[in-house]
Amino acid sequence: MGALLSCISEKEVRRKAPPGRRRPPPSAGDHRSLSAVLGSSSRWSKLGASRKDRSEEALIQEQALAAALLLQQNGVGLPLDRSASLRFQAPGKKKEGLPRSSSSRARSLADPLLQPHQLVSQDLKIDDLETGTIVLVHGGGFGAWCWYKTMVFLEESGFKVIALDLAGCGVHSFDTNRITSLSQYVKPLTDFLEKLADGEKVILVGHDLGGACISFAMEIFPSKVTKAVYIAAAMLKSGQSTVDMFSLQEGVDDLMRQAQVFIYGNGPDRPPTAIDLKKSSLKDLMFNQSPSKDVALASVSMRPVPFAPLLEKLSLSVGGYSSVRRFYIETADDNTIPLSLQRAMCEADSPERVFRLKGSDHSPFFSKPQALHKLLVEISRIPKNSTPLPPPPPPLTQV
């Protein structure tokens, strides 16, 4: 702008003055700037006006959005532009709401983006539940990190949420190849339950291999567990191992077989110590309906699965494991534990109720986080005197 102004000479200005009204040359005492000399130009007045208009327009928009947010919080229905509401917030007001999905795919009607008051019934009172504490137990190869969406939803609903890393998983530093038993693998969970105060109870939620883990813990601490929720999980009978469960599957799962890589931590002439999964196979095997960002997270976070816990047969009793109320959540589009295998487990050892997540892959905490949350809250509210369903239990809820 300075270069532009320096090109305008006083002679050019004087030449443009109308005849008979010659402007006198500035005297030595005249200290006016060139912009003052050109003050009559409409160019400068329009520039200042446009800046002022833009500033006022932004202020008006911010005030309007703040007023709309205030009306919505007080129960007055008013449609808002979601993108604008994320850019402008009422001054001093902490943003309330749920995180937006990181999915790049088109959102299905089965898992719509809901407002907090729509996601969970407003009459939910944590104090009226048997317990307000939920313990999330991940599956094989996963860690506490996989529950990040579920944790946010449950905490915003008022629950106390604990997500544990089992031995050799997540940020737990133990070497996976040195895990030789299921009790060693589950020790972080049993240690947590053992330290609970007298009378304190929790809801256990297990995914995948985490199902066998919560069954093991329920046998030891049945009085500390009000409900157990199995999500696409190994719900085993007494005398059965996780490997036995997979043997119930009809035919050979080529996808699982091609994805597995056995690790021989004690030498090639000894039994395998762990199983890893090829990164290139993860999406098709476990995350076929999950957002790409969550698939990327899993690909850099998953660790090998210790082999010994998969072979160990559970010893479950009527007074221990069987005394805890069990619920199962099926995942309909699961390539790891197919729906037919999930149904077979439910028929072999019937839970109190069975629910189904339509369109969910093996990892509903990624592919169907809101629908999963709704089911967990629904299960937490089922009273003690509810009547169990006769076997085999059909899915009660399809979300």
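Predicted model: local features only at pLDDT ≥ 70, side-chain atom pairs only at ≥ 80, totals over all residues.
Me: Why is the pair of Phe142 and Trp145 called tilted?
Reply: Among the 10 aromatic pairs that the structure holds, this one has ring centres 5.9 Å apart and planes at 35 degrees; because planes under 30 degrees apart count as stacked and those over 60 as edge-to-face, the pair of Phe142 and Trp145 is tilted. Both Phe142 and Trp145 are buried.

Me: What makes Phe287 and Phe366 an aromatic pair?
Reply: Their rings lie 5.9 Å centre to centre, and rings pair if their centres lie within 6.5 Å; with 45 degrees between the planes, the pair of Phe287 and Phe366 is tilted. This pair links distant parts of the chain, since Phe287 sits in the loop between α12 and α13 while Phe366 belongs to helix α16, 79 residues apart.

Me: Which residues do ring pairs link into a cluster?
Reply: The cluster consists of Phe142, Trp145, Trp147, Tyr148, Phe287, Phe365 and Phe366.

Me: How do you know that strands β1 and β2 pair?
Reply: Strands pair if at least two bridges are found between them, and 5 bridges join β1 (residues 133–137) to β2 (residues 160–164), so the two, which run parallel, meet that condition. Thr133 stands opposite Lys160 in β2, and β1, helix α7 (residues 148–156) and β2 make a right-handed β-α-β unit.

How values were computed:
Residues numbered from 1 in each chain as written. Heavy atoms only, no water. Helix = DSSP H or I, 4+ residues; strand = E, 2+ residues; numbered from the N terminus. Right-handed = clockwise from strand over helix to strand, strands pointing away. Phe/Tyr/Trp six-rings, centres within 6.5 Å; stacked < 30°, edge-to-face > 60°. Buried < 20%, exposed > 50% of the residue type's maximum accessible area, 1.4 Å probe, protein only.
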